[in-house]
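Please look at the sequence and the structure first.

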Amino acid sequence: MRIAVGAVDLAACKIFVDQGKGRKDRYILFPRAFGLVLRAHLAAHPKNHFVFETQRWGPYTVRRVQQIVQRYREAAGLGELVHPHLFRHQMLTFLTGQKLSDAQIQLLSGHASKKSLEIYQHLSLEAVGGAYQQAVKLLEV
């Protein structure tokens, strides 16, 4: 959960993830509407080095994020197990249902194989950004 404030590009609605899962660098996109919330959060915490920090000015641990998600699960009255990675799977499933191409989904997910690289090698994050923003408008964040 070590997302540095400097890794956030509010104008482009993307965040650079340094050495994420699988030790891969990647960008993740976020809805424009979330950008307003994120801008307000960062403005309210101008001394933060990380987007989300503990009271001791360090990044949240993976375990702490899991605890926060469980607290919200309980508050929502959900009986099923919810974990942070589930949000990623749900979003990719949602985007697939919104007719983003397999190549676009693969680029957004960061999953790459030799075969898939052939399919989307001509795509860029900017090319996928428009389709992503159109799809997430339906979520009314």
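The model is predicted; local features need pLDDT of at least 70, side-chain atom pairs count only at pLDDT 80 or more, and totals for chains, interfaces and linings use all residues. Residues are numbered from 1 along each chain as its sequence is written, and side-chain values use heavy atoms, with hydrogens and water left out.

**Confidence**

The protein chain has an average pLDDT of 83, and 87% of its residues score at least 70; pLDDT is the predictor's confidence in each residue, from 0 to 100. Helices (H or I, at least four residues) and strands (E, at least two) are DSSP runs, numbered from the N terminus. Confidence is highest in strand S1 (residues 8-9), at a mean of 96, and lowest in helix H5 (residues 114-120), at 42. Over residues 116-121 pLDDT stays under 50, and the model has nine contacts there beyond four places in sequence, a contact being heavy atoms within 4.5 Å. Where pLDDT is low, the predicted coordinates should not be read in detail.

**The sheet**

Three strands form an open sheet in the order S1-S2-S3, with antiparallel pairing; two strands pair if DSSP finds at least two bridges between them. S1 and strand S3 (26-29) are the edge strands, each with a single partner, so one side of each has no neighbour in the sheet. S1 and S2 form a hairpin with four residues between them, and Cys13 in the turn has a positive phi of about 55 degrees. The two pairings are listed below.

| Strand pair | Sense | Bridges |
|---|---|---|
| S1 and S2 (residues 14-17) | antiparallel | two bridges |
| S2 and S3 | antiparallel | four bridges |

Val8 has Ile15 of S2 as its bridge partner, while Asp9 stands opposite Lys14 in S2. Lys14 also stands opposite Leu29 in S3.

**Two packed helices**

Helix H3 (residues 84-97) packs against helix H4 (residues 102-109) at an angle of about 160 degrees, with the axes 10 Å apart; axes are lines fitted to C-alpha atoms, for helices over the stretch in contact, and angles run from 0 to 180 degrees between N-to-C directions. H3 is therefore roughly antiparallel to H4, a term for angles over 145 degrees. Arg88, Leu92, Leu95 and Thr96 of H3 make the contact with Ile105, Leu108 and Ser109 of H4.

Note on methods:
Parallel < 35°, antiparallel > 145°, perpendicular 65-115°, else oblique.
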